[in-house]
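Dear colleague,

Please find below the structure we discussed, together with its sequence. A short account of the findings follows it.

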Amino acid sequence: MIANYGFGATLTARPGMGDQLVDLLLTGLDEGSPGASEYCLVYLVSRSASDLDVVHVAEGWTSEEDHHRVFASEDARAITARIAPLLAKDPEYTDHVPVRGKSAL
């Protein structure tokens, strides 16, 4: 499959809550969660090297429609609801149109 839609998100946790935010975001890879969907081709969680409370998420999806449909699920909404209290400010999003790349995860 080819990723035709993607985005990057930068999330800033409340001071000292970066580990909790990362752990919660990684549950997005659990069976039944959004990142485990067959339509999610890239789900990468990383951290800022200079501020461990800043977390980046990169996602690649088969289509924008598939992304929105999967994120409308109960599981996705439950994860999203648990993220908000950990954040110091609103997430910053950048949309992407994947062209080509490599993932050996």
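**A buried aspartate and its surroundings**

D66 is buried, with a relative accessible area of 14%. Please bear in mind throughout that this is a predicted model. D66 belongs to helix α2, which covers residues 64-71. Leaving aside residues up to four places away in sequence, D66 touches Y39 and W61.

The side chain of D66 also makes a polar contact of 2.5 Å with the side chain of R69. This pair qualifies as a salt bridge, with 2.5 Å between the closest N and O atoms. Both residues lie in helix α2, 3 residues apart, which is about one turn of the helix. The two partners fall into separate accessibility classes: D66 counts as buried because its relative accessibility of 14% is under the 20% limit, whereas R69, at 45%, counts as partly exposed.

**The other salt bridges**

The model contains 4 salt bridges by the criterion applied. Another of them joins E74 to R77, with the closest N and O atoms 3.1 Å apart. These two residues are 3 residues apart in helix α3, so about one helical turn separates them. E74 is exposed, at 60% relative accessible area, and R77 is partly exposed, at 44%.

K89 and E92 form a further salt bridge, in which the closest N and O atoms are 3.4 Å apart. Both partners are partly exposed: K89 has a relative accessible area of 43%, and E92 has one of 45%.

**The nonpolar core**

Which residues of the largest nonpolar core touch the most other members? Of its 20 residues, they are L11, L21, L25, V45, V57 and I83. At least two residues of this core come from each of β1, α1 (18-26), β2 (40-47), β3 (54-61) and α3 (74-83).

M1 is found in the segment before β1 (5-12). M1 is classed as exposed because its relative accessible area of 70% is over the 50% limit.

With kind regards

Methods. Residues numbered from 1 in each chain as written. Predicted model: local features only at pLDDT ≥ 70, side-chain atom pairs only at ≥ 80, totals over all residues. Heavy atoms only, no water. Helix = DSSP H or I, 4+ residues; strand = E, 2+ residues; numbered from the N terminus. Buried < 20%, exposed > 50% of the residue type's maximum accessible area, 1.4 Å probe, protein only. Core = buried A, V, L, I, M, F, W, Y, C linked by side-chain atoms within 4.5 Å. Polar contact = N/O pair within 3.5 Å; in protein donor to acceptor, adjacent residues only side chain to side chain. Contact = heavy atoms within 4.5 Å. Salt bridge = Lys/Arg side-chain N within 4 Å of Asp/Glu carboxyl O.
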